[in-house]
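Subject: Structure handover

Hello,

Please find the structure below. My notes on it come after.

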Amino acid sequence: MAAPEFDLEVDRVTKSYGTHRAVDDLSLAVRRGNFFSILGPSGCGKTTLLRLIAGFLEPDAGEVRIGGQSMRGMLPNRRPVNMVFQHLALFPMISVGENVGYGLARRGAAPSLIRERVATMLKRVGLPGAEAKRIDQLSGGQKQRVAIARSLVLEPTLLLLDEPLGALDLKLREHMKIELKQLQADFGTTFVYITHDQSEALVLSDHVAVMNAGRFEQVGTPQELYYQPQTPFVAGFVGSNNRLAGTAARVDGEVVDLDSAQGLRVRARPSGAIAAGDAVEAFVRPEVVSLARAAAELVAPLQSFAGRVESVLFDGANSAVLLREEHTDAEFRVALPQTGRFANLRAGESVAFGFDAQRAVCFKLARA
Amino acid sequence: MTATATIDLAAPRTRLALGLLFAPALVWLVGLIVLPHVDLAVLSLRSRVAPRTYEFSFDNYRTFIDEPLYWHTFVRTAVMSIVATACTLLIAFPTAWYIVKIARGRTKSVLLVLCLIPFWVSETVRTLGWMILLRESGVLPHLLVGLGITAQPVEMLYHDATILVGLVYTSLLFMVVPLANALESLDDALIEAAYDLGGDAWSILRQIVIPHAAPGIAAGSIVVFMLTLGNYLTPTLLGGKNSLWFTEQIYAQFITRFNWEQGAAFGFLLLLLSTAIVWLGLALTGQRFGDVMRRA
């Protein structure tokens, strides 16, 4: 029998707590060897979804299939799935080697085989010879690797990761991101990773699902999510964005004219059907907005505005300025170009800024 | 420079305040524990040779060795106390587990209070309650006759099992509380992780839960064992004349026979016994007394 194409299929799964639907009629398929992330704010149901896959929860409706096999009624210790917990949940009472060998010992593997496999696995995650160490002797990053080794030594079809980088400090988190991606590429195991940190999801994943209120808003590659958001939620959640709410004054197929409540008119590309008079929301990424000292520098097709620098947010390569549009006081966040042309920009200066309507996106607001 | 208020522990005023603060504890420790024990030690090491004439001797300890009844009682008390401690642990562990890991919100506090409620009644009354239930003309034997299980009312008092039931009942709270504390600090994710990695209930209990709860188990067991070993009322009332509890021997020497020297020697032997068994228990489970008391 040919191996199924999908390692994980979630088929119209629902899980409710009382009247609250934590996971609402949700479907999902993850291809073999993929690094799949589920990105969402806290309380969106992503942990519930992960626990449904791991088997700690049973769905009220629908089915979870792993490697093509239905997991209905199968307990977590029988599923070909292992989980890396949020706080790693390494066993502090036993050594690193025993931690990594725990699952093998539970399967009744011979001690000599366990020793050999544990040694190989520790070598692969870059901790050769760490068997005899105690868990509290390890650094945060090393614990991370032991937690992953402990799961991968069992050669699961699927590895679930529940925000494992959340407890690390920023520097280590950046480092572990790269390490996780390399480990995944190295082992080729299918990873399902949940996080509320969009940068983790974008950097690590082959595919990302953005989750909100128990449903997926959009599933796609990081690039698709970033450049072609399908819903206002995705546009607002993935990456930073300037948000403008208002009504559609004019629609001509490729461009919507939006009048904001403060009276600012901007043009943006519509996503989905929009008619004149609809309540709409437009999103403009900070790096899409061009900055100029004189309005003449911003030539068509850019729509240009005049503004005043409210504050300069210097952050190396991620530097930005906060601007106020001159007439309406609407706030814009604009990325500073890397050329250093605006290195001497100060708060209070008057500048011109503009953006291409095709690179701003406009959504019709759902009627409340 | 910022002015920070620091307390100079060596300043005379602070020293005086600290001294006063510790005074009650010190008086209690020296006056009620150390002094009486020193006196008991002196008492136990002398024997009466003539009225009002005493001399140093090991006679009181020799009597203990020479008289089989004494050291039989001694060993029996130790064994029964160990059994009672083990039974208490077996009953308290699932109870504590349920209170900490399964019960939620109100149920949790209600259950803990339920464990505490029997202690609102004095030990004597509680034990008498057991007697009302278990004596030949009591509630339980009548119930058994009524249900047709026994033809005649059975005397349920004055058995070793009765003593054990009473002791376990009295000790339960002192085991549940340290166990609940120890289990409270066990991260549920550890159990889930072990389960996820293929562990079954038994292996998780043995490899994850018990090692984590070990200090709590040890602390509870030490307290229960000492309470049981030194208990007088429960074995006497529920076991009657046959209870053969070592504290009864001590009581008999002091009060009935007025042989304080012998009683003091017995008292010291009991102290040695409890120390030895606690030490042995800790050594066998590879724990240190300080750790246990700190974590419990």
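This is a predicted model: local features need pLDDT of at least 70, side-chain atom pairs count only at pLDDT 80 or more; totals for chains, interfaces and linings use all residues.

Residues are numbered from 1 along each chain as its sequence is written, and chains are lettered from A and ligands numbered from 1 in the order in which they are written.

Chain contact

On the chain B side 15 residues are in contact with 17 residues of chain A (contact: C-beta atoms, placed from the backbone, within 7 Å). Helix 8 (188–196) and helix 9 (201–229) of chain B each supply at least two residues of the side that touches chain A. Helices (H or I, at least four residues) and strands (E, at least two) are DSSP runs, numbered from the N terminus. Helix 8 of chain B gives the most to that side, with six residues. By class, the side of chain B that touches chain A has seven nonpolar, four polar and four charged residues (nonpolar: Ala, Val, Leu, Ile, Met, Phe, Trp, Tyr, Cys and Pro; charged: Asp, Glu, Lys and Arg; polar: the others, Gly among them).

Helix pair in chain B

The axes of helix 9 and helix 12 (residues 260–284) of chain B come within 11 Å and cross at roughly 160° (axes are lines fitted to C-alpha atoms, for helices over the stretch in contact, with angles from 0 to 180 degrees between N-to-C directions). Helix 9 and helix 12 of chain B are therefore roughly antiparallel to each other (under 35 degrees is roughly parallel, over 145 roughly antiparallel, 65 to 115 roughly perpendicular, the rest oblique). Among the residues of helix 9 of chain B that meet helix 12 of chain B are Ile222(B), Phe225(B) and Leu229(B). The residues of this contact divide into nine nonpolar, three polar and no charged.

Sheets in chain A

An open sheet of four strands in chain A has the order 2-1-4-5, with antiparallel pairing (strands pair if DSSP finds at least two bridges between them). Its edge strands are strand 2 (20–31) and strand 5 (69–70) of chain A. Strand 1 (residues 6–17) of chain A is joined to strand 2 of chain A by eight bridges. Helix 1 (residues 46–54) of chain A packs on the sheet, touching strand 1, strand 2 and strand 4 (61–66) of chain A.

Chain A also has a closed barrel of five strands, 11-12-13-20-14, with mixed pairing.

Regards

Conventions:
Two residues are in contact if their C-beta atoms, placed from the backbone, lie within 7 Å.
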